[in-house]
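Q: I am new to this structure. Could we go through a few of its local features together?

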Amino acid sequence: MPLDNDDPLIRRLDEVLGEGRVTTDPDRLSPLLHDERGRYVGKARCLVQPRSTAEVATTVRLCAEAGVPMVPQGGNTGLCAGATPFERGDEVLVSLTRMNRLRALEPDNFTLTAEAGMTLQAVQQAAAGVDRLFPLSLGAEGTCQIGGNISTNAGGIHVLRYGNMRDLVLGIEAV
């Protein structure tokens, strides 16, 4: 069902992405508009929840064409408000929570390929399932996401032994 909205960008995003990927529902937006500590609260033009890199690329292209800023958001567990939109309310909030699949797991190579929205805990469990360790460990591991861990170069409690997140990454597919 198409959104009932006069904003041409929101209508276009909904038309192109479809299947409930775009919303302006205040109840769905509300928990995503503040930082973990509750110090900052923003507003967003809409929420986009892509399921693939191609859908992220489409979102970026449409927003760039319209001159509209975006705020990417993972688990929204950061403590510095980097994933909180500004109070202006003109930004598109791009949540990566639906991009949560494990694409590949290769225990012989000690590698796994995870989408940005996969939680750190799910990555740890996937590695443990094949008798491997993914050493990043944070208090928010059940909700924080790998994309956010990479973007912030997370350290965690094992950082002295295994290094920061950048030391655990072999490659990135980025838009």
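Q: Is Asp-131 buried or exposed?
A: Asp-131 is exposed, with a relative accessible area of 67%; exposed means over 50%, buried under 20% and partly exposed in between, with a 1.4 Å probe and protein chains only. This is a predicted model, where local features need pLDDT of at least 70, side-chain atom pairs count only at pLDDT 80 or more, and totals for chains, interfaces and linings use all residues. Residues are numbered from 1 along each chain as its sequence is written, and side-chain values use heavy atoms, leaving out hydrogens and water.

Q: Where is Asp-131 placed?
A: Asp-131 is in the loop between helix 4 (120–128) and helix 5 (146–151). Helices (H or I, at least four residues) and strands (E, at least two) are DSSP runs, numbered from the N terminus.

Q: And what is the phi of Asp-131?
A: Phi of Asp-131 is near 60 degrees, a positive value in a residue other than glycine. Most residues other than glycine have a negative phi.

Q: What about Phe-110, and where does that residue lie?
A: Phe-110 belongs to the loop between strand 5 (102–106) and strand 6 (111–114). Its phi is also positive, near 55 degrees, and Phe-110 counts as exposed at 62% relative accessibility.

Q: Changing topic: is Asp-35 buried or exposed?
A: Asp-35 is buried, its relative accessible area being 0%. This residue sits in the loop between helix 2 (26–29) and strand 2 (46–48).

Q: Which residues is Asp-35 in contact with, beyond its neighbours within four places in sequence?
A: They are Tyr-40, Ala-81 and Thr-84, where contact means heavy atoms within 4.5 Å.
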